[in-house]
Amino acid sequence: RRPKSPTSPCPSRLPPKKTPEMSPKTLAKLAGALGALVLATLAAAWLTRPPSIPTLAPEGFADKATRIEVEGPGGKLELKRDKGAWLASAPAGFPADGKTVDELLGRLPRSTVSEPLTEDAQRYPLFGFEADKATHVRLYTGGSEPALDFFVGKDGLDYPSAFVRLAKQTG
């Protein structure tokens with residue numbers, strides 16, 4: 001063993017370490033950089049969010065529907081909701097399958113639509129929108145004007161899709 005040297009400091013006798021202090025100028029620069037980083041992150045998140053895809057009807061539309069008119073090459077059908085039950089008022093006053101009607105209405109808010117494919121009425125036959133082939137669907141929520149008014153044409157390219165044109169659309 002070597003004897004301890006009287007000049008070597010003992011670990012317990014070391015002077016306390018001084019914590020370096022940051023100047024206000026440096027602190028301000030760091031805070032500014034952190035703020036810029038947060039803003040850049042928020043901007044990137046906002047700019048890269050997925051686009052919202054328009055749907056045929058808003059959520060809750062099925063609960064508000066009171067009358068449905070479907071008119072096509074096979075004739076006309078009108079359904080009315082009476083005390084929660086769907087009745088076929090035209091061509092006759094028979095009860096309709098309410099579960100099926102509600103299921104179809106419930107799909108409308110999940111049915112996405114794209115931009116109009118054409119604005120030229122001469123091209124409507126390509127999509128099945130001729131007057132004698134398209135199915136005209138009007139849905140009412142209590143008023144005299146339909147809340148949703150559209151035509152269904154040919155089947156789309158992907159199952160289960162179809163070409164749909166809103167009645168107020170020019171294309």
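Student: Leaving aside neighbours within four places in sequence, which residues is Lys-80 in contact with?

Tutor: Good place to start! In this predicted model, Lys-80 is in contact with Thr-66, Arg-67, Ala-85, Trp-86, Leu-87 and Ser-89. Lys-80 itself is found in strand β2, residues 75-82.

Student: Why is Lys-80 called partly exposed?

Tutor: Its relative accessibility is 40%. Buried means under 20% and exposed over 50%, with partly exposed in between. The value of 40% falls between those limits, so Lys-80 counts as partly exposed.

Student: And why does Glu-78 count as buried?

Tutor: Use the cut-off again: Glu-78 has 12% relative accessibility, which is under 20%, so Glu-78 counts as buried.

Student: What makes the pair Lys-80 and Glu-78 a salt bridge?

Tutor: Their closest N and O atoms are 3.9 Å apart. A salt bridge needs a side-chain nitrogen of Lys or Arg within 4 Å of a carboxyl oxygen of Asp or Glu. Since 3.9 Å is within 4 Å, the pair qualifies as a salt bridge.

Student: Which residues are joined with these two into one network?

Tutor: Salt bridges that share partners join Arg-67, Glu-69, Glu-71, Glu-78, Lys-80 and Arg-138. A search of the whole structure finds seven salt bridges.

Student: How do you know that Arg-67 forms a salt bridge with Glu-78?

Tutor: Their closest N and O atoms are 3.5 Å apart, and the limit is 4 Å, so this pair passes as well. The pair links distant parts of the chain, with Arg-67 in strand β1 (residues 67-72) and Glu-78 in strand β2, eleven residues apart. Arg-67 is buried, and so is Glu-78.

Student: Let's turn to the nonpolar residues. Which members of the largest nonpolar core touch the most other members?

Tutor: Of its 16 residues, they are Ile-68, Trp-86, Leu-105, Leu-108, Leu-139 and Leu-148. The elements giving two or more residues to this core are α2 (61-64), β3 (85-90), α3 (98-107), β5 (135-140) and β6 (148-155). A second, separate core of six residues includes Phe-127, Ala-134, Phe-151 and Phe-163.

Student: What is Leu-105 in contact with, leaving aside its neighbours within four places in sequence?

Tutor: Leu-105 is in contact with Ala-62, Ala-65, Ile-68, Arg-81, Trp-86 and Leu-139.

Student: Which residues of strand β7 are on its covered face, and which are on its uncovered one?

Tutor: Phe-163 and Arg-165 form the covered face, while Ala-162, Val-164 and Leu-166 form the uncovered one. In a regular strand the side chains alternate between the two faces of the sheet.

Student: How do you know that β6 and β7 pair?

Tutor: Two strands pair if there are at least two bridges between them. β6 and β7 have four, in the antiparallel sense, so they pair. A hairpin joins β6 to β7 through six residues, and Phe-151 stands opposite Arg-165 in β7.

Student: One last one: why is Val-38 called partly exposed?

Tutor: Val-38 has a relative accessible area of 44%, which lies between 20% and 50%, so Val-38 is partly exposed. The place of Val-38 is in helix α1, residues 24-47. Together with Leu-34, Leu-37, Leu-39 and Leu-42, Val-38 makes a nonpolar surface patch of about 520 Å².

Technical notes:
Residues numbered from 1 in each chain as written. Predicted model: local features only at pLDDT ≥ 70, side-chain atom pairs only at ≥ 80, totals over all residues. Heavy atoms only, no water. Core = buried A, V, L, I, M, F, W, Y, C linked by side-chain atoms within 4.5 Å. Buried < 20%, exposed > 50% of the residue type's maximum accessible area, 1.4 Å probe, protein only. Contact = heavy atoms within 4.5 Å. Patch = residues over 30% accessible without salt bridge, like charges linked within 9 Å, V, L, I, M, F, W, Y side chains within 5 Å. Areas by Shrake-Rupley, 256 points an atom, 1.4 Å probe, with all protein chains shown as cover.
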